[in-house]
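Here is a short tour of one fold, written to be read with the model open beside it.

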Amino acid sequence: VSSENHSVAVAIPELPWSNNTRTKCSRQGKVWKKPGSFENYVNEVKERLDVWSIMKHKMPLGNVRIVLVGHSAGGSAIMSASEEGSLCKIKPEVVVWSDASYASWLPRAWASCLKDPDIEVRVLVRKWDKPHHRAKKFLRKIGKNVENISVDILERKSWTHGRIGNSAIWLSGIFEPGC
């Protein structure tokens, strides 16, 4: 938010190396493996946005809120950034798992740094699918007294996997209405 109360949101629909979804999903978990790679990427994006803001509005961005949404196999990219350590360093305000808690991605990211109580973790899943089963199993393991994680279970008949991804930002409530 700038001093004039303007908001800027940046949505990156693919990973930085992907070309229009032609890259195999299995590569998403390999994107942030080198030490500092995710932190460097976030800092580069912030620098570019700051240059844009100065050119366009004659002022720097100001406070930057970092929120990550990983839909589907995007959960493996979040896991990689967490295990690599950069996610822990940039301390995002919120991390949203949009129908993305496949395999061991959520528990591994949690063990690396998402257990930090200052990082809010929101999990969106469609009832009875694999991500739902994995999220339930994970929540049983960590217990009920963990305050920084929430799970929204969406009705199977109303929500397709794609619709969850297209609606993840709205469903998670990460931005105030009208933002």
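Two strands count as paired if DSSP finds at least two bridges between them. Helices (H or I, at least four residues) and strands (E, at least two) are DSSP runs, numbered from the N terminus. The model is predicted, so local features need pLDDT of at least 70 and side-chain atom pairs count only at pLDDT 80 or more, while totals for chains, interfaces and linings use all residues. Residues are numbered from 1 along each chain as its sequence is written, and side-chain values use heavy atoms, with hydrogens and water left out.

**The sheet**

Between them, β1 and β2 (residues 94-98) make five bridges in the parallel sense. Stepping back, the open sheet has four strands in the order β1-β2-β3-β4, with parallel pairing. Because β1 (67-71) and β4 (149-154) stand at the edges with a single partner strand each, one side of each is left without a neighbour in the sheet. Direction ignored, neighbouring strands are turned by 15° against each other on average.

Which helices pack on this sheet? Helix α4 (residues 105-114) is one of them, touching β2, β3 (120-126) and β4. Contact here means heavy atoms within 4.5 Å. The direction of α4 makes about 170° with that of β2; axes are lines fitted to C-alpha atoms, for helices over the stretch in contact, and angles run from 0 to 180 degrees between N-to-C directions. Helix α6 (residues 161-172) also packs on the sheet, touching β1, β2, β3 and β4, and its direction makes about 150° with that of β3.

**An uncovered face and a patch**

The covered face of β1 holds L68 and G70, and its uncovered face holds V67, V69 and H71. V69 turns up again in a nonpolar surface patch with I169 and F175, which together have about 220 Å² of accessible area. Such patches are made of residues with over 30% relative accessible area and no salt bridge; like charges are joined within 9 Å, and nonpolar side chains (Val, Leu, Ile, Met, Phe, Trp, Tyr) within 5 Å. Areas come from the Shrake-Rupley method with a 1.4 Å probe, and for residues only the protein chains shown count as cover. F175 lies in the segment after α6 and is partly exposed, at 31% relative accessibility. Buried means under 20% relative accessible area, exposed over 50%, and partly exposed in between (1.4 Å probe, protein chains only).

**Salt bridges**

How many salt bridges are there? The count comes to seven, where a salt bridge is a side-chain nitrogen of Lys or Arg within 4 Å of a carboxyl oxygen of Asp or Glu. Among them are these:

| Pair | N to O distance | Relative accessible areas |
|---|---|---|
| E44 and R48 | 3.2 Å | E44 37%, R48 59% |
| D116 and K91 | 2.3 Å | D116 17%, K91 41% |
| R122 and E120 | 2.5 Å | R122 15%, E120 32% |

E44 and R48 both belong to helix α1 (residues 37-57), four residues apart, about one turn of the helix. D116 sits in the loop between α4 and β3 and K91 in the loop between α3 (86-90) and β2, so this pair ties together parts that are 25 residues apart in sequence. R122 is buried, whereas E120 is partly exposed. Finally, salt bridges that share partners join R126, D129 and R156 into one network.
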